[in-house]
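Below is a short walk through one protein model, taken helix by helix. Please keep the sequence and the coordinates at hand while reading.

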Amino acid sequence: MKCKCEKNCIKSSTDILNSIDDYEPCDDCTKRTLKKAMPLKNQVKLDQIDENYKRCSTCQKRHIDFVMAHILKIMIDNNQISDSGSIRKVGTPLVTPAFYLEYLPYLNENSLVIITKTVDKETADKIFLEVPEVKAVIFGDTSKTVGQLSENDEVYQYELLSGCDIRCDVQNTPSKTLLIYKEQSKIHIEYPKKESPKIQDVDEILSKYENPTVIDAMTGPGTLGMYALTKNAKKVLFNDIYDTALENLKINLKINGFDSNYEILNEDIKNLPNKIHEKYDIGLIDAFPGIDIEKYKKELKKVCKEVFII
């Protein structure tokens with residue numbers, strides 16, 4: 001599949017799973033790391049930092065700390081951060097593809113998306129051009145949730161300043177490894193877990209049925225509904241009020257090999273009883289924190305035998 005940027009950002013399961021060891025160091029990689037909260041200038045000589053700083057001559061990878069140091073150096077040079085800044089001040093680093101990792105990664109080209117509040121367009125372009133590991137620079141405040149929280153809320157998105165923000169989370173499930181692609185400036189951040197509590201909850205629910213029909217009523221990029229299809233669901237109705245989430249869902253359905261037994265709706269949950277003319281076995285509600293879900297549960301019960309809050 002071609003990405004919106006016309007490059008090969010959307011890779012197959014085979015390509016992704018074959019790269020599962022890409023974040024490990026080779027025997028020649030430096031094992032040195034940086035202290036996250038200490039001023040960078042107290043740990044290294046800033047004028048030595050460039051695209052080859054601490055890059056392994058054998059595998060060409062760099063520890064994420066030194067990639068962040070390179071980004072910080074550019075921010076300091078462009079007066080975005082003071083010269084007493086630490087790498088913790090840079091922003092939120094998100095690797096892609098994102099596996100569950102128990103160690104800090106060593107990065108290849110185009111494997112890091114940065115979300116930051118301390119960068120302008122000119123500096124973002126410079127970071128993207130000069131730091132090979134950076135795939136995208138996004139201006140945003142990660143304390144705010146991206147997307148559309150409910151029908152009463154405006155859509156909130158970060159701003160993509162440079163590069164392409166399509167990134168992939170790799171989520172293991174009991175039946176299949178799922179690839180979850182998302183436009184990270186437009187879809188909320190999730191972190192792959194070794195064992196996802198949400199997947200475990202859905203697994204227990206599905207186990208009560210032989211071949212249930214399922215409504216994933218706030219589907220987002222589709223993780224729970226896709227898991228239901230891999231488990232035992234006869235049919236899944238994916239629904240979300242946020243149209244961008246559904247655009248990402250369609251990519252994920254295709255890349256994970258689903259071509260039947262599902263339907264997609266772009267509706268407020270309260271409208272579903274008027275749109276659905278059959279009774280489903282299971283309704284799933286995976287709402288954002290702080291959202292009053294009782295009204296959604298009430299409406300979903302009109303078209304589902306059982307409704308579960310995930």
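How many residues does α2 have, and how far does α2 reach from its first C-alpha to its last? The model is a predicted one, and in it α2 has 14 residues and spans 20 Å between those two atoms. That is close to the 20 Å expected at 1.5 Å a residue. Helix α2 covers residues 64–77 and is mostly covered, with 13 of its 14 residues buried. After α2 comes Asn79, which has a positive phi, near 60°.

One partner of α2 is helix α3, formed by residues 121–130. The two axes come within 10 Å and cross at roughly 145°, and the crossing is right-handed. On the α2 side the contact is made by His70, Ile71, Ile74 and Met75, which meet Thr123, Lys126, Ile127 and Glu130 of α3. By type, the residues of this contact divide into 4 nonpolar, 2 polar and 2 charged.

Apart from neighbours within four places in sequence, Thr123 is in contact with Ile74, Met75, Asn78 and Gln80. Ile74 and Met75 are among the α2 residues that meet α3.

The next helix to consider is α4, residues 197–206. Its residues Ile199, Val202, Asp203, Ile205 and Leu206 are buried. Why do the buried residues of α4 line one face of the helix? Seen down the axis of α4, they fall within an arc of 160°, so they share one face. As a general point, an α-helix has 3.6 residues a turn, so residues three or four places apart point the same way.

β12 leads on to the last stop, Phe288, which is placed in the loop between β12 and α8 (294–300). Which residues does Phe288 touch, not counting those up to four places away in sequence? They are Thr145, Val146, Gln148, Leu149 and His188. The C-alpha atom of Phe288 is separated by 9.2 Å from that of Met218, although the two residues are 70 apart along the chain.

Definitions and conventions
Residues numbered from 1 in each chain as written. Predicted model: local features only at pLDDT ≥ 70, side-chain atom pairs only at ≥ 80, totals over all residues. Heavy atoms only, no water. Axes fitted to C-alpha atoms, helices over the stretch in contact; angles between N-to-C directions. Helix = DSSP H or I, 4+ residues; strand = E, 2+ residues; numbered from the N terminus. Left-handed = near helix turned anticlockwise from the far one by under 90°. Contact = heavy atoms within 4.5 Å. Nonpolar A, V, L, I, M, F, W, Y, C, P; charged D, E, K, R; others polar. Buried < 20%, exposed > 50% of the residue type's maximum accessible area, 1.4 Å probe, protein only. Arc of directions from axis to C-beta. Expected span 1.5 Å × (residues − 1).
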